[in-house]
Amino acid sequence: DASLRNRPLVGVQALISMTPNGAAKWSGQLYDADRGKIYSGNLVEIDASTVRVEGCVLGLCGGETMTRVSR
């Protein structure tokens with residue numbers, strides 16, 4: 001929806017319907033704010049302060065590792 005492209009992303013749900021799928025892994029849907037589309041993907045807990053979000057589209061796979069920010 002082109003009208004949503006300039007909205008703030010704070011509060012937009014990015015991880016959707018995540019369910020456990022093994023030890024420290026959840027599977028569900030991921031919202032890609034750059035493309036405005038939803039894809040299937042995984043969230044993997046690496047350690048207490050690090051997770052990796054990964055997904056595939058048309059055989060191309062990628063992901064991003066995120067670290068918790070201290071307050």
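Student: Which strand gives the largest share of the lining of the largest pocket, and how many residues is that?

Tutor: A word on the source: this is a predicted model, in which local features need pLDDT of at least 70 and side-chain atom pairs count only at pLDDT 80 or more, while totals for chains, interfaces and linings use all residues. Residues are numbered from 1 along each chain as its sequence is written, and side-chain values use heavy atoms, with hydrogens and water left out. As a general idea, rolling a probe the size of a water molecule over the atoms shows where empty space is left. Here the largest share, six residues, comes from β5, where a strand is a DSSP run of E of at least two residues, numbered from the N terminus. A pocket is an open set of points on a 1 Å grid over the protein atoms alone, where a 1.4 Å probe fits with protein on both sides within 12 Å along at least five of seven lines, and its lining residues have an atom within 4 Å of a point.

Student: What is the volume of that pocket, and which residues lie nearest its centre?

Tutor: The volume is about 610 Å³, taken as the space filled by probe spheres set on grid points joined across faces, edges and corners. Of the 22 lining residues, Leu-30, Tyr-31, Asp-32, Val-53 and Glu-64 lie nearest the centre. At least two lining residues come from each of β2 (25-32), β3 (37-47), β4 (50-57) and β5 (60-67). By class, the lining has 14 nonpolar residues, four polar and four charged.

Student: In what order do the strands of the sheet run, and which are its edges?

Tutor: Strands of a sheet pair through backbone hydrogen bonds, either parallel or antiparallel. This open sheet has five strands in the order β1-β2-β3-β4-β5, with antiparallel pairing, where two strands pair if DSSP finds at least two bridges between them. β1 and β5 are the edge strands, each pairing on one side only. On average, neighbouring strands are turned by 25 degrees against each other, direction ignored.

Student: How many bridges join β1 to β2, and how many join β2 to β3?

Tutor: β1 (residues 15-20) pairs with β2 over four bridges, and Pro-20 stands opposite Trp-26 in β2. The pairing of β2 with β3 runs over eight bridges; within it, Leu-30 has Tyr-39 as its bridge partner. Four residues lie between β1 and β2 in their hairpin, where Gly-22 in the turn has a positive phi of about 110 degrees.

Student: Which residues other than glycine have a positive phi, and where are they?

Tutor: Most residues other than glycine have a negative phi, and most peptide bonds are trans. One of the cases to examine here is Ala-24, with a positive phi of about 60 degrees, found in the loop between β1 and β2. Another is Leu-58, whose phi is near 50 degrees, in the loop between β4 and β5. Ala-24 is partly exposed, at 32% relative accessible area, whereas Leu-58, at 86%, counts as exposed; buried means under 20%, exposed over 50%, and partly exposed in between (1.4 Å probe, protein chains only).

Student: How many disulfides does the structure hold, and which cysteines form the link?

Tutor: There is one disulfide, a term for a pair of cysteine sulfur atoms within 2.5 Å. Cys-56 and Cys-61 form the link, with their sulfur atoms 2.0 Å apart, and with 105 degrees about the S-S bond it is right-handed. Cys-56 is partly exposed at 40% relative accessible area, while Cys-61, at 58%, counts as exposed.

Note on methods:
Ala, Val, Leu, Ile, Met, Phe, Trp, Tyr, Cys and Pro count as nonpolar, Asp, Glu, Lys and Arg as charged, and the others, Gly among them, as polar. Axes are lines fitted to C-alpha atoms, for helices over the stretch in contact, and angles run from 0 to 180 degrees between N-to-C directions.
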